[in-house]
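Got your viewer open and your selection tool ready? Let's take a walk through this protein, one stop at a time.

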Amino acid sequence: MDANGIDAAPGFRAALAVADAVLYEGYLLYPYRRSSPKNQVRWQFGVLLPEPWARAHGLEGGGVAGSAESWWQQTECLFVAPADAVVRGRLRFLQVRRRTPEERLPDGGHREADQVGEALSFDEAVPRELDVRASVAELVSGEKRLDLRVPGGETVIPLPGSAGRTRWREWPLTAQVTLSLTSCDTTAAAPLRAGEALFRLRVRTENAGQEPSSPEMPREEALQHALIACHTLLTVPGGRFVSLLEPPDWARYAAGECVNAHTYPVLSGDQVVLSSPILLYDNPRIAPESPGDLHDAAEIDEILSLRTLTLTDAEKREARATDPRAAAILDRVEAMTPEDLARLHGTNRDPGPAGPVPWWHPEADADVSPATDAVEVAGTLVRKGSRVRLRPRLRGSDPQDMFLDGRTALVEAVLLDVDGARHLAVTLEDDPAAELNQWYGRYRYFAPEETEPLDGPLDGPLDGEHV
């Protein structure tokens with residue numbers, strides 16, 4: 001292994017663990033069975049389809065949402081480095097591998113079947129990694145374009161008992177990665193050492209394949225030629241990256257000039273960037289309590305593990321036959337001890353003055369009333385029913401909240417957390433699903449200082465309100 005390569009960069013291991021979760025997010029969802037409706041439509045993030053097919057279906061791209069399919073994605077990020085530095089990157093994605101059982105015929109031939117014994121037809125996926133490299137000097141003089149290819153192939157393995165065989169097939173893929181670099185102006189306050197400069201790096205990745213060219217081909221077949229869950233890891237040995245989520249003042253203008261499409265770069269320390277089709281914070285980490293990937297990071301590990309244990313024997317047999325990763329999840333969950341599950345339950349808290357009543361129970365503090373509580377914001381008492389304009393802070397906010405800046409919202413509740421901090425639960429006024437979210441109780445949460453009241457000032461709390 002190259003001692004100065006991407007794998008040696010501080011923060012790379014942590015970034016790789018998160019990147020692996022991104023790679024398989026939504027790969028196969030509970031109950032992990034092929035017959036489950038959830039698993040009939042797959043591959044939701046970072047899908048780069050062949051350009052002819054994507055254009056024919058109006059998938060031109062734009063915006064950072066990695067759930068929007070296209071034939072290209074673009075990362076732009078900032079780094080500080082000397083002129084002799086080298087940019088190293090690793091493109092990672094999944095390649096579809098179709099598994100097809102073939103039943104044995106009386107004449108010794110074989111015929112495709114949906115199922116032979118317990119062998120099921122299913123689309124698996126193979127992880128692929130392609131490394132790129134370019135010096136700062138050559139990128140300053142012009143962009144560098146690299147053509148990357150992944151071969152196709154077939155594998156055939158007999159089934160036990162000679163009932164038939166299983167055929168796996170992968171289709172060849174072609175990707176084109178273009179690296180380019182721009183020098184950026186900085187203020188006198190920039191903490192640059194002698195010989196260093198601030199650069200904006202652009203990495204544009206395209207699916208350069210030409211099949212399928214027919215727009216009539218269904219998405220399921222087009223995916224055979226797609227780069228799936230596509231993302232990029234970057235490092236510049238001897239340099240350091242600058243956060244786009246929380247840029248320092250001296251790099252704020254340059255950060256605002258960065259344009260990212262279908263992916264967004266976050267830091268892992270200051271030596272590594274993970275550009276992910278799923279929006280993340282800087283320095284994301286896998287929770288140490290997590291027993292392993294369940295392919296659904298939006299779900300709570302404890303709940304998903306317990307639900308997996310409730311599958312019937314027949315459902316477990318189908319899940320194991322569906323995919324080796326499903327079988328691994330079942331094995332891991334069934335091997336979990338009560339202590340393992342307890343670690344997933346959360347941190348135990350001292351009940352405090354409320355005695356044996358849990359802190360979250362209404363009896364623990366009768367003075368807390370989310371429906372009637374109010375909090376003062378810029379001289380105005382904000383409570384349920386108040387209108388506010390959202391102004392998420394630049395530092396420490398959920399990256400998705402940044403796109404709600406300036407939107408108006410209705411306050412649904414004023415909440416108090418266990419640390420004594422107030423939060424506003426809101427619904428967006430222009431959200432078509434606002435009424436449905438209100439019915440479900442699904443809200444967005446902001447600190448009071450992240451909002452601007454739109455109602456007039458109140459002289460004091462209304463009857464029954466707590467401030």
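**Before you click.** This is a predicted model, where local features need pLDDT of at least 70, side-chain atom pairs count only at pLDDT 80 or more, and totals for chains, interfaces and linings use all residues. Residues are numbered from 1 along each chain as its sequence is written, and side-chain values use heavy atoms, with hydrogens and water left out.

**Stop 1: H7 and H8.** Select residues 313-322 for helix H7 and 324-334 for helix H8. Helices here are DSSP runs (H or I, at least four residues), as are strands (E, at least two), and both are numbered from the N terminus. Two packed helices are described by the angle between their axes and the distance between the axes. For H7 and H8 the angle is about 135° and the axes are 6 Å apart, which makes H7 oblique to H8. Axes are lines fitted to C-alpha atoms, for helices over the stretch in contact, and angles run from 0 to 180 degrees between N-to-C directions. Under 35 degrees counts as roughly parallel, over 145 as roughly antiparallel, 65 to 115 as roughly perpendicular, and the rest as oblique.

Now show side chains: Lys-316, Ala-319 and Arg-320 of H7 are in contact with Ala-326, Ala-327, Leu-330, Asp-331 and Glu-334 of H8. Contact means heavy atoms within 4.5 Å. This contact has 4 nonpolar, no polar and 4 charged residues. (Ala, Val, Leu, Ile, Met, Phe, Trp, Tyr, Cys and Pro count as nonpolar, Asp, Glu, Lys and Arg as charged, and the others, Gly among them, as polar.)

Stop 2: How do H6 and H8 sit relative to each other? Their axes are 10 Å apart at about 95°, so the two are roughly perpendicular. Ser-305, Thr-308 and Leu-309 of H6 meet Leu-330, Val-333 and Glu-334 of H8. Colour H6 by burial next: Glu-302, Leu-304, Ser-305 and Thr-308 are buried (buried is under 20% relative accessible area, exposed over 50%, partly exposed in between, with a 1.4 Å probe and protein chains only). The buried residues of H6 pack against H7, H8 and H9.

**Stop 3: the largest pocket.** Centre your view on Arg-285, Ile-286, Asp-296, Ala-297 and Ala-298, which lie nearest the centre of the largest pocket among its 37 lining residues. About 1,100 Å³ of space lies in this pocket. Which helix gives the most to the lining? Helix H1 does, with 5 residues.

On a 1 Å grid over the protein atoms alone, a pocket is an open set of points with protein on both sides within 12 Å along at least five of seven lines, a cavity is a set where a 1.4 Å probe fits but cannot get out, and lining residues have an atom within 4 Å of a point. Grid points are joined across faces, edges and corners, and a volume is the space filled by probe spheres set on the points.

Stop 4: Pick Ser-275 in strand S15 (residues 272-276). Ser-275 is buried, at 1% relative accessible area. Leu-233 is 42 residues away in sequence, yet 6.3 Å from Ser-275, C-alpha to C-alpha. Finish on Glu-206 in strand S11 (residues 196-207), which counts as buried because its relative accessibility is 16%.
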